[in-house]
Amino acid sequence: EVLDSSGKALVPVQLEPAICGYTRSLCGKEEDVLKQMKPEALGIQVLAAVPCPAATGLPNGTMCNVISAPGIDPSTRAPRALESAKELTPEAQEEQERLLAEGEAALQTMILAAIVVNAFFFALNVSLAFVCCRRHRHAKANSACRAPTPQ
């Protein structure tokens with residue numbers, strides 16, 4: 001929950017997204033994600049192995065890994081927020097780009113159709129206005145030529 005400056009929960013309740021301490025969230029189809037679930041692919045590297053501190057409760061002689069990961073600040077070893085918390089698998093990225101290209105093509109087609117239809121109706125209106133003006137002038141000229149007959 002998100003807390004205000006006094007430490008009380010905000011009303012209405014607001015939740016802040018949790019961050020993974022090591023890597024970004026990897027999104028895609030399950031089989032594609034499982035292929036990418038390797039430390040090297042996620043940017044995790046083992047820098048060193050040191051004896052584990054007694055506070056961990058592990059047996060003496062157990063070695064703990066010191067790692068480097070995108071979600072760990074290299075100087076303080078504290079967790080840090082990742083700039084982009086979500087990453088797509090290459091397959092999901094290709095799918096997203098394909099869908100985006102299809103959407104752009106459909107939008108461009110609709111825009112082109114709107115331009116063509118509007119151009120057609122503009123030409124129709126201009127031609128009708130020209131015809132109406134011509135008829136009006138012709139009718140005005142004919143009425144001026146006809147003289148009233150005296151009775």
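**Figure 1. Asp 32 as a buried residue of helix 1****.** Asp 32 has a relative accessibility of 9% and therefore counts as buried (buried: under 20% relative accessible area; exposed: over 50%; partly exposed: in between; 1.4 Å probe, protein chains only). The model shown is predicted: local features need pLDDT of at least 70, side-chain atom pairs count only at pLDDT 80 or more, and totals for chains, interfaces and linings use all residues. Residues are numbered from 1 along each chain as its sequence is written, and side-chain values use heavy atoms, with hydrogens and water left out. Asp 32 is placed in helix 1, where helices are DSSP runs of H or I with at least four residues and strands are runs of E with at least two, both numbered from the N terminus. When residues up to four places away in sequence are not counted, Asp 32 touches Thr 89 and Glu 91; contact denotes heavy atoms within 4.5 Å. Asp 32 also forms a salt bridge with Lys 35, and their closest N and O atoms are 4.0 Å apart. A salt bridge requires a side-chain nitrogen of Lys or Arg within 4 Å of a carboxyl oxygen of Asp or Glu. Asp 32 and Lys 35 are three residues apart in helix 1, so about one helical turn separates them.

**Figure 2. Thr 89 in the loop between strand 4 and helix 3****.** Thr 89 counts as buried because its relative accessibility is 1%. With neighbours within four places in sequence left aside, the contacts of Thr 89 are Leu 26, Cys 27, Gly 28, Asp 32, Val 33 and Gln 36. Among them is Asp 32, itself a residue of helix 1.

**Figure 3. The salt-bridge network of Glu 95, Arg 98 and Glu 102****.** Arg 98 and Glu 102 are joined by a salt bridge between their side chains, with an N to O distance of 2.5 Å. These two residues, Glu 102 and Arg 98, are four residues apart in helix 3, so about one helical turn lies between them. In the salt bridge of Arg 98 with Glu 95, the closest N and O atoms are 2.7 Å apart. Arg 98 and Glu 95 both belong to helix 3 and stand three residues apart, about one turn of the helix. Glu 95 is partly exposed because its relative accessible area is 37%; for Arg 98 the value is 38%, so Arg 98 is partly exposed. Glu 102, with a relative accessible area of 43%, is likewise partly exposed. The structure holds three salt bridges.

**Figure 4. A patch of negative charge on the surface****.** The residues gathered in this patch are Glu 30, Glu 31, Glu 91, Glu 94 and Glu 97. Helix 1 (30-36) and helix 3 (90-145) are the elements that give two or more residues to the negative patch. Helix 3 provides the largest share, three residues. Glu 94 is placed in helix 3 and counts as exposed because its relative accessibility is 55%. Patches consist of residues with over 30% relative accessible area and no salt bridge; like charges are joined within 9 Å and nonpolar side chains (Val, Leu, Ile, Met, Phe, Trp, Tyr) within 5 Å. Asp and Glu count as negative and Lys and Arg as positive, while His and the chain ends are not counted. The place of a charge is taken as NZ of Lys, CZ of Arg, CG of Asp or CD of Glu.

**Figure 5. A nonpolar patch on the surface****.** Val 117, Phe 120, Phe 121, Leu 124 and Leu 128 form this patch and together have about 460 Å² of accessible area (Shrake-Rupley method with a 1.4 Å probe; for residues, only the protein chains shown count as cover). Leu 128 is placed in helix 3. Leu 128 counts as partly exposed because its relative accessibility is 45%.

**Figure 6. The protein chain as the setting of the close-up views.** Three helices and four strands make up the secondary structure of the protein chain, and from the N terminus on the elements run β-α-α-β-β-β-α. The protein chain has 151 residues, of which 10% count as buried. Its accessible surface comes to about 12,600 Å², and 62% of this belongs to carbon and sulfur atoms. Among contacts in the protein chain with a separation of 6 or more, 40% are between residues 24 or more positions apart.
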